[in-house]
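Here is a short briefing to read alongside the model. Please keep the sequence and the 3D view open as you go.

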Amino acid sequence: MAEIPEALKRAIDAAVDTVHEHCDSVQVIVTTYNAEQGETETYAKGAGNWWARRGSAQAWLRMDESRDLAGAIAEKREE
């Protein structure tokens, strides 16, 4: 199993704490891929309002999906 190194987890935790000093909420999600094992490991750390973190992540996903769809539509129109 691929694992996020402890030093990286500590760095992410510290970064979340630093950013949270200036923001109501923060959520960081990282992944690392181990090609030898063919596995991806995820680490997430957040602080502040859980509902705001969740809502922000959902809004980002919807926006990203909308951009992908708009790009696909634009490519289709160009054909």
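This is a predicted model: local features need pLDDT of at least 70, side-chain atom pairs count only at pLDDT 80 or more; totals for chains, interfaces and linings use all residues.

Residues are numbered from 1 along each chain as its sequence is written, and side-chain values use heavy atoms, with hydrogens and water left out.

**Confidence**
- The chain has an average pLDDT (the predictor's confidence in each residue, from 0 to 100) of 91, and 97% of the residues score at least 70.
- Helix H1 has the highest confidence, at 97, while helix H2 (residues 50-78) has the lowest, at a mean of 90.
- Helices (H or I, at least four residues) and strands (E, at least two) are DSSP runs, numbered from the N terminus.

**The hairpin**
- Strands E1 (residues 25-34) and E2 (residues 39-48) run antiparallel and are joined by 10 bridges; two strands pair if DSSP finds at least two bridges between them.
- Tyrosine 33 has threonine 40 of E2 as its bridge partner.
- Four residues lie between the strands of this hairpin, and glycine 38 adopts a positive phi near 65°.

**The nonpolar core**
- Six residues form the largest nonpolar core: Ile4, Ile12, Val16, Val26, Tyr43 and Ala47.
- Such a core is a set of buried Ala, Val, Leu, Ile, Met, Phe, Trp, Tyr and Cys residues joined through side-chain atoms within 4.5 Å.
- Helix H1 (6-20) and E2 are the elements that give two or more residues to this core.
- Beyond its neighbours within four places in sequence, isoleucine 12 is in contact (heavy atoms within 4.5 Å) with Val28, Val30, Tyr43 and Lys45.

**The salt bridge**
- The structure has one salt bridge, defined as a side-chain nitrogen of Lys or Arg within 4 Å of a carboxyl oxygen of Asp or Glu.
- Lysine 9 pairs with glutamate 6, with 3.4 Å between the closest N and O atoms.
- These two, lysine 9 and glutamate 6, are about one helical turn apart because they sit three residues apart in helix H1.
- Lysine 9 is partly exposed at 21% relative accessibility, as is glutamate 6 at 47%; buried means under 20% relative accessible area, exposed over 50%, and partly exposed in between (1.4 Å probe, protein chains only).

**Aspartate 13**
- Aspartate 13 lies in helix H1 and is partly exposed, at 21%.
- Its side chain makes a polar contact of 2.7 Å with that of tyrosine 43; a polar contact is a pair of N or O atoms within 3.5 Å, where within protein one must be able to donate a hydrogen and the other to accept it, and residues adjacent in sequence count only if both atoms are side-chain atoms.
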